[in-house]
Amino acid sequence: MKTYLTLLCLCLSLSITAQNETIYWYFGNRAALNFDKGELEVLADSAMDAPAGSASIANEDGLLMFYSDGATVWNRNHEIMENGSGLAGDPNNFQSSIIIPKPGTNNTYYLFYARSENSTNPLVTAGAFYSEIEFSNDFPLGKVVAKNAFLDSNAPSEKFTAVHHKSGESFWLLTLTAANSDPDELKTVFKAYPITDSGIDFNAKVTNLDFGIESLGAMKFSVDGKKLIVASQTESDRTRYVHYFNFDNETGDITFNRNLIIDPPFAVWPPKGIEISPNGQFVYVSFDAGDNNGIFQYEIEGPTAQEDPRALLYFRPNIKVESLQLANDQKIYVALTFENDDSLILGVINEPNGKSLLSNYTPLSPELNPGKSKRGLPNFIQSYFASKIVTENQCFVDPFTFSSTSYAPISDAIWDFGDGNSGTGITTTHTYSAPGTYTVKGVLTVGSKKVTVYKVVEAFELPVLNANQELIECDEDSDGLSTFNLFSITSKITDPTLNEQLIFYLSQDDLNNDVPIANPENFQNTVQNQEIFVKVINDNGCFETTSFIITARFVDLANIENFYVCEDSDGIVGDAKGLFDSEFLANSIRNQLSIPNSTLLSFYPTYLDAQTNLNEFESNFTYTSGTIYVKAQEADLSCGGIQDFNIIVNATPPINLLDSYTICFDPSTKPPVIVSANNFNDSFEWKNANGTILSTDQDFVLNQVGQFSLTVYKIENGIECSNTKEFEVVNPPIPTFSEIIVDTEDEKNNTISVTIDGNSSYEFSLDNIDYFGNANNYFFNNVDAGLQTIYVRDLNNCEQAIQITVSVIGFKKYFTPNGDGENDFWNIKGLDKASFKSIDVKIFDRFGKLIYSITDFDSIGWNGSYNGKNLNSNNFWFKAKIVDKDDNEINESGNFSLIKD
């Protein structure tokens with residue numbers, strides 16, 4: 001028995017209108033598209049290179065008539081139409097032109113265009129113009145029979161838009177101009193021109209604004225002709241707005257609604273392109289943000305229109321976002337270009353009736369090649385896009401209801417349902433005999449016009465189910481009753497990859513009344529061979545029903561041996577869990593119980609889980625010691641038995657070592673440090689940082705510093721488990737010199753004060769023979785001048801000894817230059833290049849005459865001569881300037897004696 005269900009929220013058909021006049025798009029650098037029957041096709045026949053706006057039109061039968069950039073007209077053969085060059089329009093205008101067919105005829109069209117500056121080629125002044133184009137037997141490809149006729153001499157904007165009159169029998173052409181011919185004036189005058197079967201009514205409906213609008217930017221009607229949105233594009237200091245007006249498509253009256261602010265605080269983001277969603281709820285605006293371009297969505301209708309009016313749909317650098325235009329597939333297309341190049345792609349807002357990101361902006365595929373996008377897209381009569389078929393996708397056995405909307409009342413409709421069947425009536429129904437995708441055609445009578453529209457609908461298939469299936473579960477006690485997970489039947493009655501929904505029932509009446517089983521994952525049968533009814537629902541909301549039998553069968557599997565793993569098998573020591581391999585368990589159990597490979601073995605934590613196929617262990621799972629269950633399932637998924645068995649996690653072999661041990665710098669001076677492994681273990685491996693085994697004894701002597709590890713092994717329950725611990729061996733911290741003070745101020749007693757940072761008591765020496773002290777500091781008296789080495793060692797003789805050389809600066813009181821090798825030179829003791837940067841010593845006689853200078857650390861000093869002559873015994877004076885390595889300056893002066901024997 002076949003049944004069906006339609007979920008309206010999930011089954012929206014592909015929304016396509018096809019007002020034939022709008023199916024051809026010619027724009028940009030020889031770019032062209034065809035939307036015949038709502039299917040997009042890239043064309044390669046355009047002869048036009050339009051820098052900005054354009055216009056194109058087909059007749060009501062879908063035959064291309066002509067296209068234009070406002071300066072030239074091309075016919076359907078992509079040749080310049082007769083008299084079709086030299087038009088007064090400016091092709092650089094954003095909306096450079098618009099085409100309106102003359103009502104009541106099939107062979108006359110008006111092409112409107114404008115320019116804001118005078119021109120010499122053609123020779124015209126600024127203003128808005130129109131040309132009249134006729135088709136006849138003499139001119140089957142069309143002829144411009146009236147060219148560059150004045151529409152308005154006031155300074156125009158670059159904005160044109162048009163919409164049907166409420167009657168559907170005529171049109172409104174809307175322009176925006178200044179109040180005079182000054183092109184620098186802001187635009188304050190709307191003029192709505194009726195286009196009727198009598199032609200252009202120059203007695204336009206005029207609306208004067210109490211504020212000005214910039215010339216640049218687009219202007220668009222909503223498809224129902226009731227809303228008007230105008231961009232005010234400027235890079236001046238004036239505030240940039242998108243202006244929202246209401247339009248009366250019967251009288252032509254325009255009333256201001258409100259301004260939509262485009263700029264964020266402290267930013268200049270002028271708006272450019274404009275489009276309105278088909279449902280009239282959202283306005284889309286392209287804008288320029290300097291190095292970035294983007295698209296805003298404004299919500300102008302709906303409960304959250306004032307609370308959250310603006311959403312940023314698209315924002316990126318290095319690409320220009322320009323014109324926006326609705327198409328008959330109910331998507332909004334976006335012109336893209338680059339600063340110095342054209343673009344091979346357009347953007348597309350796929351769901352313009354969706355709020356914020358649900359509108360789904362994406363790049364368009366395919367590319368426009370060989371054409372390219374520039375700033376503009378073709379400008380159309382917006383109400384053409386109001387004509388559409390209204391229906392929703394259904395299951396193929398469900399009747400489709402077809403109706404339609406248009407720019408004016410519909411008096412009749414003829415339908416082609418795309419499957420060879422047809423119908424009539426403004427509203428009609430049709431049921432498809434098979435699932436599939438169908439292109440529905442509607443020919444609507446709108447006033448005196450025949451409007452052809454298309455819509456692609458999908459008649460969804462029903463789920464395909466296998467009947468007469470049986471679900472066999474294990475019976476624990478041979479009473480014919482068991483616990484079932486009814487979802488286990490899924491793979492037997494349908495394809496489980498289809499993501500279908502299954503709902504279970506106890507009887508056909510429960511299914512008919514939609515009273516489902518409350519606990520299908522834990523269902524207990526009440527009789528043997530019980531029939532269960534199921535409804536299977538696919539993603540499209542269509543469903544099919546069937547029934548199946550649930551049976552309990554007792555199968556006794558034999559006892560299963562215990563399984564053992566080491567506690568660290570899961571990579572974590574101390575969590576009392578082990579890592580178990582389901583494939584290894586299954587293979588071992590097959591061998592123990594002689595179970596064939598065709599039987600599927602699965603593992604579960606409880607008996608109930610095994611019965612209901614829930615919480616199955618993964619192929620590798622961690623678990624503590626305990627009892628788990630194996631379930632055998634035959635090839636037909638029937639139960640082949642459930643058996644419990646034990647899994648055991650062996651304890652990790654213990655290691656009782658510290659993370660760090662300390663030994664003396666010279667281990668031979670002290671008794672050895674020995675660490676021991678736990679004797680519970682069977683074997684041991686002591687290794688260094690390179691992994692080299694140093695010992696396999698239980699005890700290990702620490703006689704060198706470094707990184708080490710101990711690995712212990714224990715055989716338990718027939719398997720060997722191991723444990724490893726890393727530890728370090730270090731020396732005690734080396735003491736450091738904290739402070740050294742050398743005092744040479746007392747000429748009779750040079751002293752050195754030493755302070756040590758360390759963890760012991762220390763003794764000190766200047767000759768590494770005799771040591772003094774028992775603390776972390778010491779004071780040396782009567783220190784000879786010169787370079788002195790300070791030696792420090794700890795009293796326990798465990799730490800590394802340290803030493804440092806210091807300078808004790810001393811000035812000789814006399815010298816005896818007699819050539820005996822003893823005290824033959826006068827110099828300053830305690831200076832070396834390592835501690836000092838410079839030395840400058842000057843020696844004077846008693847009359848102040850400079851006798852000798854010392855400026856070199858390597859100088860042996862003054863030998864008592866002057867100009868090559870040895871001086872007699874006398875007193876001399878010196879001045880010394882010494883600079884140490886920290887740029888500290890030492891100045892000393894004094895006298896000494898030269899003594900001759």
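Which residues line the largest cavity? I started there, keeping in mind that this is a predicted model.

**Entry 1: cavities**

The largest cavity holds about 80 Å³ of space. I then listed its lining. Phe94 and Gln95 are in it, as are Ala218 and Lys220. Gly273 and Ile274 belong to it too, along with Ser323, Leu324 and Gln325. Leu377, Pro378 and Asn379 complete the list.

Next I sorted the lining by class. I get six nonpolar, five polar and one charged residues. I also checked which strands contribute. β22 (271–276) and β26 (320–326) each supply at least two lining residues. β26 gives the most, with three residues.

I counted salt bridges next and reached 21.

**Entry 2: Asp49 and Lys374**

The side chains of Asp49 and Lys374 meet in a salt bridge, at 2.8 Å from N to O. Asp49 sits in the loop between β3 (41–43) and β4 (55–58), and Lys374 in the loop between β29 (361–363) and β30 (388–390), so the bridge ties together parts 325 residues apart in sequence. I checked accessibility for both. Asp49 is partly exposed, at 34% relative accessibility. Lys374 has a relative accessible area of 16% and is buried. Why does Lys374 count as buried? Its 16% falls in the buried class because that class means under 20% relative accessible area.

**Entry 3: Lys320 and Asp288**

I moved on to Lys320, whose side chain meets that of Asp288 in a salt bridge (3.8 Å, N to O). Here both partners are in strands: Lys320 in β26 and Asp288 in β23 (residues 282–289). The pair links distant parts of the chain, 32 residues apart. Buried or exposed, I asked of Lys320 and Asp288? Lys320 is buried, and Asp288 is buried as well. I noted that β26 had already come up as the strand giving the most to the lining of the largest cavity.

**Entry 4: Asp682 and Lys714**

The last pair I looked up was Asp682 with Lys714, a salt bridge whose closest N and O atoms are 3.6 Å apart. Asp682 lies in the loop between β51 (673–676) and β52 (683–688), while Lys714 is in strand β55 (residues 706–716), so this bridge joins parts 32 residues apart in sequence. Asp682 is partly exposed at 42% relative accessibility. Lys714, at 17%, counts as buried.

Conventions:
Residues numbered from 1 in each chain as written. Predicted model: local features only at pLDDT ≥ 70, side-chain atom pairs only at ≥ 80, totals over all residues. Heavy atoms only, no water. 1 Å grid on protein atoms, 1.4 Å probe; cavity = no way out; pocket = protein on both sides within 12 Å on 5 of 7 lines; lining within 4 Å. Points joined across faces, edges and corners; volume = space filled by probe spheres on them. Helix = DSSP H or I, 4+ residues; strand = E, 2+ residues; numbered from the N terminus. Nonpolar A, V, L, I, M, F, W, Y, C, P; charged D, E, K, R; others polar. Salt bridge = Lys/Arg side-chain N within 4 Å of Asp/Glu carboxyl O. Buried < 20%, exposed > 50% of the residue type's maximum accessible area, 1.4 Å probe, protein only.
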